[in-house]
Amino acid sequence: MAEAVARAMSQRRHLLVQAGTGTGKSLGYLVPAILHGDRVVVATATLALQHQLVERDLPALVEAVKDQPGCEDASFAVLKGRSNYACLHRVREGVPDDQGALLDAASLPEGSLGAEVLALREWVEDESSSGGTGERDHAPRHTDRVWRQVSVSHRECLGAARCPYGQECFAELARERAQRSRVVVTNHSLLAIDAIEGIPMIPAYDTVVVDEAHELVARVTQAATDELSASEVDRTSRRAARLVEGDEADDLGDAGEALLDALLTVEPGRVDRPPQALADALELVRDAARALVSALPKEPAIGSGEVPDPGAAQAKGWAQELFATAERMAAGSDRDVLWVSERDRVRGGRSLHVAPLEVAMPMRHGLLVDKTAVLTSATLRLGGDFDAVATSLGLWPRERVTADTPVDADTDDGAEDDVQPWEALDVGSPFDYRAQSILYVARHLPQPGRDGLTQRHLDEIAELVDAADGRTLGLFSSRRAAEAAAEHVREVLPHLTTLAQGEAQLPELARQFVGDPHTNLFGTLSLWQGLDVPGETCQLVIIDRVPFPRPDDPLMSARQRAADQRGGNGFMQVAATHAALLLAQGSGRLIRTTTDRGVVACLDPRLVTARYGSFLRASLPPMWQTEDPAVVRQALRRLAGA
């Protein structure tokens, strides 16, 4: 893998690498990145991997190569979005109408929201005086609401040149460290904002490594998704009211009322053509937000010595956000998907969302034309090849080359742009899946329906858990199914401990699961990816059904329809590919080391009976397969006895 990555970087070819758990793939790309000479950006999807790279792998590599010719300046830095760093101006000056700025430590009960804010502010000052990074990930335990009291978005920022604390700003210092570093570690979202939205966030680079690349499409989509609600419009109107002399703030408030009324007339779900009332309300919000931005006080000139009003900066940032979102929604582009959702009771009302129909072309033109990309993950071969993932990322199958294709070979084939050719490599796995694991498909069970788990499914789950004597990770398609299964297992097998997602924070549930092998953990999507529980803790993974996207998912259904309209097979390109990726990730929870043994039990017979079943099975590790309940129960009992 390291040789392939080095070759891709030097020959400027894109590379897709599937590297299973335990291959050490982070070293497979970090070594050539450190030796590359020019700056390389490494983008991850999860904080856990980012911490591993920054706190373990990169320090060891920098130390290892420091005496090698050309590596004397080997260095690395972490770069995140501005809201991930504490803002010294916000902490020290607050903003008008910011209740957090008026807090008095002596009057606050222990554990209250205000006390948490004060504790966080004390931590920020300690970070500043000790040369810390001010990163949210290093802060004391807190909620999103509390963190917003000590941070700002990029739109709310006063700017380093105007802020009195610009010289010691955590975010600016992080950017300076990145400018001096050979390897910059960031996340998928910041990469998307920098490369695809064209907002400069990362120092100049020509090569990017995307780890956990199976998540990239979802993260890019998330970064490019906007939301609009009447409560956000009202908040901006109220915050700006004291800052403008005209009626601009009131006009925005009236537009928010119109939006609230219009959203109540639209059923939750995808909106293919906004009704006239909603279209009119969006135009009102757009025009009122634009007028408010113009009416708010102008920022003082750089170098004037005047400090901008932070309240005005925040209000302008919010108004600019409203304008951009409303304008995008009002445009009604066929490249976007619009939908209405019910907001939770705390926030109230309904909200409108807009997301890109697809991200392949934006990624192609924003990232793949100008940069060399190395994309790696444990799950990139879906259905037995790389084409599905490559296409979703903006690489077309006809552009693929092999390692021995001449560097200057003409691979354009009439392409409309200058994207480099791409290679694909599966470096395999250190695990012997056929010897270490069994894939059991409960063919005798009925096909899952909309009503959730049947009694036969619940009985099958209990029998499997009993045979394994606990040690079970249950991955379910819905919270309701996970809770029903947990309740049934507790009733039938009271001597085992059965945990359900939502009963405690996920890290605490994971600790309990690892602490006692006679424990079961049942949950939904967040358990399918990222949970790492090697050893006898997890010897049985139960998957209740093939994880197709919900039929009423507005974005997935729109993408499936668009694929059909282009003459493709929308079900296979969107729904089946989505399910294959999650199945591969879920099955990957079982074998984490060379000594692990266990069973993946799928309770959905469609995995072997449906025409698309072979595509799904080809996406899974090459486990030994059976449909015989007696065989799998005997295997689980032997493992439990051992």
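User: Which residues of helix 8 are buried?
Analyst: His 188, Leu 190, Leu 191, Ala 192, Asp 194 and Ala 195. Buried means under 20% relative accessible area, exposed means over 50%, and partly exposed is in between (1.4 Å probe, protein chains only). Helices (H or I, at least four residues) and strands (E, at least two) are DSSP runs, numbered from the N terminus. This is a predicted model: local features need pLDDT of at least 70, side-chain atom pairs count only at pLDDT 80 or more, and totals for chains, interfaces and linings use all residues. Residues are numbered from 1 along each chain as its sequence is written, and side-chain values use heavy atoms, with hydrogens and water left out.

User: Why is helix 8 called largely enclosed?
Analyst: Helix 8 spans residues 188–195, and six of its eight residues are buried, so the helix is largely enclosed by the rest of the structure. The cover over those buried residues includes strand 2 (40–44), strand 4 (183–187) and strand 5 (207–210). Helix 9 (216–223) and helix 14 (360–368) are also part of it.

User: What makes the pair Asn 187 and Ser 189 a polar contact at the start of helix 8?
Analyst: A side-chain oxygen of Asn 187 comes within 3.2 Å of the backbone nitrogen of Ser 189. A polar contact is a pair of N or O atoms within 3.5 Å; within protein, one must be able to donate a hydrogen and the other to accept it, and residues adjacent in sequence count only if both atoms are side-chain atoms.

User: Is Asp 604 buried or exposed, and how do you know?
Analyst: Its relative accessible area is 0%, so Asp 604 is buried. It sits in the loop between strand 17 (598–602) and helix 23 (606–609). Its side chain makes a polar contact of 2.7 Å with that of Arg 606. Beyond four places in sequence, Asp 604 touches Val 441, Pro 448, Asp 544, Arg 545 and Val 546. Contact means heavy atoms within 4.5 Å.

User: Which residues touch the most other members of the largest nonpolar core?
Analyst: Leu 16, Leu 375, Leu 473 and Leu 616, in a core of 95 residues. Helix 22 (residues 570–587) gives the most to this core, with seven residues. A nonpolar core is a set of buried Ala, Val, Leu, Ile, Met, Phe, Trp, Tyr and Cys residues joined through side-chain atoms within 4.5 Å. Outside four places in sequence, the contacts of Leu 375 include Leu 15, Leu 16, Val 17, Val 210 and Ala 213. A second, separate core has 33 residues, among them Leu 292, Ala 312, Phe 323 and Ala 326.

User: Why is Arg 471 called buried?
Analyst: Its relative accessible area is 5%, so Arg 471 falls in the buried class. Its phi is also positive, near 55°. Its place is the loop between helix 17 (455–468) and strand 13 (472–475).

User: Why does Val 65 count as buried?
Analyst: Its relative accessibility is 12%, so Val 65 is classed as buried. Val 65 belongs to helix 3 (residues 47–65).

User: How far is Val 65 from Gly 94?
Analyst: Their C-alpha atoms are separated by 45 Å, with the two residues 29 apart along the chain.
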